[in-house]
Amino acid sequence: MEITHTFIDGTDILMPKGRIDTLTSPELETALQPLLDKDAVQITLDFKDVSYISSAGLRILVKTAQNAKAKNGEVALTNLNESVAQVLEITGFQSFFKIL
Amino acid sequence: MRTLYIASRSQWEVALGQLEDWLISNEIDAPNQSKLLIVFDEIVSNIFNHNTQETPIEVEVNCKKHATSVSLSFTDNCNLFNPLKNSENKPKAIGGWGLDIVKNLMDKIEYEVIDNKNCLTVKKNIL
């Protein structure tokens, strides 16, 4: 999985590319881990180039959001396609994240 | 019909690519492609994650296009287990939403035992 990382105005922006499933989600988790080690956690995941996400990927997002919240931080999601939005809705986690 | 075989993580990745190719060659639209690929991931990961046997896992996935639907049948040699039984009222652990996703994305889901193997069939209407 290709993941682009930029840092703008105090926010880490990750832009994964492709699918986020059982096989690829460990790579996303590895990319997110150092961001959670920061003192101030502000992460935006840009899903512009993500085709779909399965529960394995969602598990990483939820854990990341929980860890961020524990440090008074936040995880935002942006550019969700219909498929990603539907999985969030099915699992009831659309309100768990800030959707930009 | 297309049959895919998975007995390892590397074969899982190959089978995923084969399924993507099969969906494209059968002109399944992009939203339904995504739904079927998500369901493939949920079901195969369930099989691999919940197996407690020491016997190597063998999964066969039969992909069929019907007049108005697509079906995927997953047959595995793991412990006999009906994932649809009593699944409604169980509390969801983190990451335990796979079956909910499958049920919501598909139009039909059936479990049966065939030749002492688990067989889970999902169907998605495409028209």
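How closely do the axes of α2(B) and α3(B) approach, and at what angle do they cross? Before I answer, please keep in mind that what we are looking at is a predicted model. The two axes come within 9 Å, and they cross at roughly 145°, with a crossing that is left-handed.

If you look at which residues meet there, α2(B) brings B:Lys35, B:Ile38, B:Val39, B:Glu42, B:Ile43, B:Ser45 and B:Asn46, while α3(B) brings B:Gly98, B:Ile101, B:Val102 and B:Leu105. Sorted by class, this contact of α2(B) with α3(B) has six nonpolar, three polar and two charged residues.

Let me now turn to the place where the chains touch, to which chain A and chain B contribute 16 residues each. On the chain A side, β4, α2 and α3 each supply at least two residues, and the largest share, five residues, comes from α3(A). The residues on this side of chain A divide into six nonpolar, six polar and four charged.

That brings me to α3(A) itself, which covers residues 82–91 and in which A:Ser83, A:Val84, A:Gln86, A:Val87, A:Leu88 and A:Thr91 are buried.

Terms used
Residues numbered from 1 in each chain as written. Chains lettered and ligands numbered in written order. Predicted model: local features only at pLDDT ≥ 70, side-chain atom pairs only at ≥ 80, totals over all residues. Buried ≥ 20, exposed ≤ 12 C-beta atoms within 10 Å, placed from the backbone. Helix = DSSP H or I, 4+ residues; strand = E, 2+ residues; numbered from the N terminus. Contact = placed C-beta atoms within 7 Å. Nonpolar A, V, L, I, M, F, W, Y, C, P; charged D, E, K, R; others polar. Axes fitted to C-alpha atoms, helices over the stretch in contact; angles between N-to-C directions. Left-handed = near helix turned anticlockwise from the far one by under 90°.
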